[in-house]
Amino acid sequence: MKKRIFSVLALVLVLFFAAELVAADDLFDLNSTSSGDDKTADTEEAAPAETKEVKEEAAPQTAALSVKDAMADKKGEEKLRELQIIKDDKIKVVQKKDFSKDGRFELGVGVGAAFNDWNNIFTVGLNFGYHFNEYLGLHVRGLYGAAAIDKSFKENVEGVNGDAALISTSNLKYAGGLALEFSPIYGKMSFFGNAIAKYDLSVLAGASYYVVEIEHLEESETNGNISADFGVAGRLFLGNNFALNCNLDWHMMSDDRFKIEGSGKENYVKTDFVLLFGASMFFPFN
């Protein structure tokens, strides 16, 4: 009886361990995974051609995203820019600078007027300069007073109440000097959406020696002195070798003038403005 019981228990244990081994074999069966892969592969092989085309189109998008990520890097962005802009010619604006002044001479002429103390003086200006680079230039400038104060106006004022001693004038004859130019601004303008014009804006500082003719009644004399000059200028470039110019200069100086009452002269500090419009040529030609 005991043997029969032990036999039954042994049979039950064998069946139990056999069932456990079968379950473990199903759990760690690698063939089941591979069979799943085979199913996936079969599914991919069975997929329509349109699905494959969509996947192939998605690949460039992934590549584009990687380029964008690279451009987010500052050094990578600089390298990309270096491929498009020559290092020696680039400028920190949206586009490459088209007109170059670096190492070129400039010859210009202009006409305009002087106003404030030099009333109604029409002037002709000359300019010869050299540009060390795009930002700095040195200019030799000259002014010629082409027309003096209106004589009829002077005579009318002097004739008030019979008093001919109300006016003492100082009129520019000519001036010449040096000016250092700094051009920090360069840009482009669009006219009516079609033409693109290039321009730059400059500030100038220098000094001039000027000669004036002072008059009072029948007295007349020529005097010379030195002025401190400051100004602003704008250029509108035409092609690669020519430009239209506009200059506004402020001259601060010490001048002599005949006294209105009594004899002799008096010295005083005055300021005058000269506005010139003109054109200039750059060489050597590009």
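Strands here are DSSP runs of E with at least two residues, numbered from the N terminus. This is a predicted model, where local features need pLDDT of at least 70 and side-chain atom pairs count only at pLDDT 80 or more, while totals for chains, interfaces and linings use all residues. Residues are numbered from 1 along each chain as its sequence is written, and side-chain values use heavy atoms, with hydrogens and water left out.

View A. Why the every-other-residue pattern? In a regular strand, side chains alternate between the two faces of the sheet.

**View B. β2 and its partners, β1 and β3.** Strands count as paired if DSSP finds at least two bridges between them. β1 (residues 105–116) lines up antiparallel with β2 over 10 bridges, and Val111 has Val124 as its bridge partner in β2. β3 (residues 136–147) also runs antiparallel to β2, joined by 10 bridges. Here Asn127 stands opposite Arg141 of β3, and a hairpin of 4 residues links β2 to β3.

**View C. Tyr210 and what surrounds it.** Contact means heavy atoms within 4.5 Å. Skipping neighbours within four places in sequence, Tyr210 is in contact with a list of residues including Trp118, Leu172, Tyr174, Asn225, Met253 and Asp255.
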